[in-house]
Amino acid sequence: MRTTQIGYIIIILIICHSPLFSQQNVSIHAEKQPAAEVFRQIATQSGLIIYYNPANVDSLIVTLSCTDTQPIEAMQQILEGSHLQVFPFANKYLFVLKDQKLITSLPDNFFKSSRIGEEKSNFATVLNKQKEQKATSENKVYTIGDASTPRSGTIKLSGHMTDFRTGEPVVGAVIYIENPTIAATTDAFGFYTLLLPAGRHNLQIKGIGLKDTQRQVMLNSNGQLDIELEEQVYSLKEVTITSDRIANVRSNTLGVERVNLKEIKNVPTVFGEKDVIRIVMMLPGVKAVGEASSGFNVRGGSTDQNLILFNDGTIYNPTHLFGLFSAFNADLVKDIELYKSSIPAKYGGRISSVLEINGREGNKKKFTGSASLGLLTSRITLEGPIGKKTSFIAGGRTTYSDWLLNLLPEKSGYKDGKAGFYDVNLIVDHKFSDKDNLYASGYYSHDHFYFDSNERYSYTNANGSLKWRHVFPNRMTGTFTGGYDHYDYLTKTEENPAEAYRLRFGINQIFGKLDFTYYLNEKHTVDFGGGTTYYRLNPGENLPNHPESLVAPDKLQTEQAIETYLYLADRWEINDQLSVSAGLRYMMFNSMGPRTYSLYDPTLLPSEGTETETKTINVFRAFKTYHAPEIRLSARYAFGDDFSVKAGFNTLQQNIHKLSNTTIMSPTDTWKLSDTNIKPQKGMQVAAGLYKNFMGNSIETSIEAYYKAIKDYLDYRSGAQLTMNHHIETDVISTQGKAYGMEFMVKKTQGKLNGWISYSYSRTQLRQHDARISNPINDGNWYPADYDKPHEVKLAGNYKFTQRYSFSLNCDYSTGRPVTLPISKFSYAGGEFVYYSERNQYRIPDFFRMDIAFNIEPSHKLTLLTHSTFSIGVYNVTGRKNAYSVYYISEEGKLQGYKMAIFGAPIPYLSYNIKF
């Protein structure tokens with residue numbers, strides 16, 4: 001007896017059927033109808049029960065005309081010429097089998113001992129194969145666990161959701177039952193875990209860009225159900241409720257923005273390059289000090305107070321080419337999450353926000369690729385399977401932007417300059433079993449530029465990480481991650497041998513972390529774990545760059561530190577209306593030797609004259625320790641499925657500081673670790689919001705208010721030297737900060753018209769509140785920070801004329817940032833001096849920019865070998881000369897003010913993309 005026949009019968013018996021009660025002849029008149037529909041008609045008229053596998057007949061189209069015909073004859077006519085056969089059984093059933101026969105009797109000697117073990121072994125093999133099948137049907141009831149020994153109480157159901165077409169994991173999909181309401185969301189790897197009562201359930205599944213679907217399950221004991229999902233192709237008038245809109249109201253988190261790459265592919269950007277960071281800057285509460293500026297400010301924080309993660313690796317400079325492009329190849333990005341508030345307890349190290357960028361996994365079913373050609377950049381991406389359990393995705397970008405600098409006028413000083421960058425990515429994932437997955441990620445980028453033949457600049461980002469995800473028994477999952485991060489910059493001169501030098505800065509960090517999730521019961525989900533990071537900084541070295549150079553070698557002391565943390569958090573679903581998340585993270589930061597450092601009179605500001613002692617640590621041990629608890633608390637009260645109120649509170653601590661005299665992130669910025677004289681920055685934020693969905697959850701709205709307090713933020717004294725300073729503590733001052741504001745947002749992510757519009761009112765102020773400062777800025781009163789921009793309106797919209805043609809529009813308005821201006825001049829002791837206003841008392845002109853794009857999507861013909869996408873657009877369509885900064889030049893004895901604009905004219909672009 002063939003075990004495949006037995007297994008097939010077992011599978012068939014649980015697939016969809018049409019029950020009826022008495023056998024009669026049938027009359028069928030079908031013209032090009034699906035076979036399943038004709039089967040239903042035969043079952044209805046005959047009273048027979050017909051068993052079949054929908055996957056075997058989904059492409060079978062039937063034309064049949066018969067009158068008063070026996071059901072078996074009608075079925076044989078339908079299946080003639082196919083690989084399917086029909087078999088009657090017990091005068092009540094018809095089985096439709098593919099390349100199989102129906103065995104209705106046991107073979108001879110079946111019950112002899114020599115055969116029993118063999119048959120049981122084979123039979124068990126068939127059952128195991130059955131368990132490995134993925135849930136693809138909405139009609140089939142999937143049995144989880146052993147039906148012969150069912151359990152009562154709560155059952156753990158876990159699994160993996162993947163894209164039916166590519167095999168990639170589906171992130172952020174919601175799977176839930178309605179009565180009682182129990183839901184879960186797939187994590188960054190596509191895994192989910194539900195705790196459900198034993199018995200039969202109808203699982204509802206929704207996701208961004210996915211077809212809403214359901215799966216039927218019978219839960220007998222703990223088990224796994226892997227699910228394949230299909231993409232949704234929307235008609236022009238169709239609006240589908242997705243998981244993201246449900247989560248907007250039902251989740252505990254506030255101040256969190258999640259963006260799927262599919263939502264940003266048509267957003268106009270400069271020169272047509274898809275840009276992750278530019279999309280982040282279009283979100284409410286996120287600001288930039290000017291056009292094409294690198295870095296961003298979140299809810300009143302400075303640019304160094306944002307933790308930017310790409311596949312768990314820290315990115316210290318997130319832009320290329322002076323801020324024109326982000327450091328991330330959008331073709332390899334799956335989604336992005338920006339935490340402005342409700343920062344999970346597993347994250348820390350920055351006091352303003354966390355930007356988590358997750359890379360895609362490669363196509364697990366076939367080899368594919370894509371390429372793009374733009375005015376300044378080109379990129380290529382390749383992906384596909386390696387065997388049955390491994391996949392990869394690799395991509396690279398480069399630029400040819402020198403022609404742009406050649407268009408600048410001679411007086412700019414940049415016409416003869418050159419600039420370029422490249423970056424490469426590789427992501428590999430391997431599935432050892434249903435319980436073990438391994439992920440490896442690597443990233444490298446390099447920028448170089450110069451504006452004359454003498455001085456040259458370059459900087460590099462590099463990251464590598466290895467992650468293992470394991471599913472433990474007893475409702476627990478764990479992720480083990482280790483990696484290495486690197487950032488450096490180099491400035492060098494070569495033209496004049498006597499003055500040739502090499503100025504270098506570098507930061508390296510090695511990290512490891514453990515993250516666990518324990519599903520205690522249907523009301524409590526516990527997250528816990530910990531990690532450590534080892535920092536090693538080269539704060540600066542200035543060395544001769546030629547044998548004849550007269551530059552004296554100078555090198556700052558290497559800085560080392562170890563940062564360790566533990567965390568515990570609980571998500572408590574008290575009832576359908578009230579939910580609370582509470583977490584505690586405990587951080588310890590140790591500054592490590594070898595190191596020589598100075599101590600100063602605590603009643604005076606550190607300076608050369610107030611130094612009291614010098615200490616030397618000759619071994620690798622801690623000489624200064626900072627430790628503190630960090631609180632994470634949020635709550636949600638839902639008045640229904642479309643309206644909720646949320647509130648949150650968190651505290652954070654930051655042990656690494658950016659040293660820069662600019663308000664943006666510059667390639668020549670250096671970083672400084674906390675030590676005896678530089679305290680960690682501390683932040684506290686309280687926030688609350690209202691979340692309401694309209695029109696059947698198709699439009700989501702939110703209003704959030706926040707207040708943030710900042711302590712020990714580094715400001716600089718007049719004339720501060722930030723580069724190659726052996727005693728940087730003598731040139732910095734600890735400053736207090738506060739930020740507050742409100743954010744309004746209306747968002748529509750699906751349908752013919754989609755996008756979002758937001759308005760933000762926010763203020764960010766600083767003050768030097770230290771009694772040791774003899775002449776504090778603004779007399780010790782609050783003054784606006786350099787990135788304080790009270791009013792901001794943002795619009796990102798896309799209108800689809802057809803499935804292939806769409807129009808996109810961006811609008812961005814904001815108050816001009818504050819500046820300090822010369823307001824008069826005076827003569828003293830035979831010299832002429834300029835008198836300046838109070839710090840940041842005035843503002844540059846307001847900012848406004850509008851971008852448009854017309855997009856042509858690829859043909860939907862699946863038989864084509866390649867699919868092309870065109871995007872034609874104009875960046876800054878109004879040609880507004882937005883002021884990036886203002887400066888003054890003395891002309892004929894008068895100070896004449898000028899404003900500098902980065903893009904003072906409309907910039908048309910054409911982008912061409914091809915997939916194969």
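Q: Which residues is E729 in contact with, leaving aside neighbours within four places in sequence?
A: E729 is in contact with Y600, P606, N677, I678 and R717. Contact means heavy atoms within 4.5 Å.

Q: Before we go on, what kind of model is this?
A: This is a predicted model, where local features need pLDDT of at least 70, side-chain atom pairs count only at pLDDT 80 or more, and totals for chains, interfaces and linings use all residues. Residues are numbered from 1 along each chain as its sequence is written, and side-chain values use heavy atoms, with hydrogens and water left out.

Q: Back to E729. Where is it found?
A: E729 is in the loop between β44 (699–716) and β45 (732–748). Strands (E, at least two residues) and helices (H or I, at least four) are DSSP runs, numbered from the N terminus.

Q: Is E729 buried or exposed?
A: E729 is buried. Buried means under 20% relative accessible area, exposed means over 50%, and partly exposed is in between (1.4 Å probe, protein chains only).

Q: Which side chain makes a polar contact with E729?
A: The side chain of Y600 does, at 2.7 Å. A polar contact is a pair of N or O atoms within 3.5 Å; within protein, one must be able to donate a hydrogen and the other to accept it, and residues adjacent in sequence count only if both atoms are side-chain atoms.

Q: New topic. Where does D423 sit?
A: D423 is in strand β28. It counts as buried because its relative accessibility is 0%.

Q: Which side chains does D423 make polar contacts with?
A: One is H320, at 3.0 Å. Another is R397, at 2.6 Å.

Q: What else does D423 touch, beyond four places in sequence?
A: Its contacts include A327, N329, G395, G396, Y443, Y444 and S445.

Q: How many salt bridges does the structure hold?
A: The structure holds 36 salt bridges. One of them pairs D429 with K364, with the closest N and O atoms 3.1 Å apart. That pair links distant parts of the chain, 65 residues apart. D429 is in strand β28 (residues 418–431), and K364 is in the loop between β24 (353–359) and β25 (368–373).

Q: Are those two buried or exposed?
A: D429 is buried, with a relative accessible area of 4%. K364 counts as partly exposed because its relative accessibility is 28%.

Q: What about K555 and E541?
A: Their side chains meet in a salt bridge (3.1 Å, N to O). K555 lies in strand β34 (residues 554–555) and E541 in strand β33 (residues 524–544), so the pair ties together parts that are 14 residues apart in sequence. K555 is partly exposed, at 43% relative accessible area. E541 counts as buried, at 15%.

Q: And K794 with E792?
A: Those side chains also meet in a salt bridge (3.7 Å, N to O). K794 and E792 are both buried.

Q: Switching to the surface. Which residues form a nonpolar patch?
A: F801, Y805, F807, F854, F870, I872 and L910 do, with about 600 Å² of accessible area together. Patches are made of residues with over 30% relative accessible area and no salt bridge; like charges are joined within 9 Å, nonpolar side chains (Val, Leu, Ile, Met, Phe, Trp, Tyr) within 5 Å.

Q: Which elements give two or more residues to the patch?
A: They are β49 (805–814) and β55 (867–875). F870 is in strand β55. F870 counts as partly exposed because its relative accessibility is 33%.

Q: Last one, the whole chain. How many helices and strands?
A: The chain has nine helices and 58 strands. Of its 916 residues, 53% count as buried. Its accessible surface comes to about 41,100 Å², with 57% belonging to carbon and sulfur atoms. Accessible areas come from the Shrake-Rupley method with a 1.4 Å probe; for residues, only the protein chains shown count as cover.

Methods. Salt bridge = Lys/Arg side-chain N within 4 Å of Asp/Glu carboxyl O. Lys, Arg positive; Asp, Glu negative; His and termini not counted.
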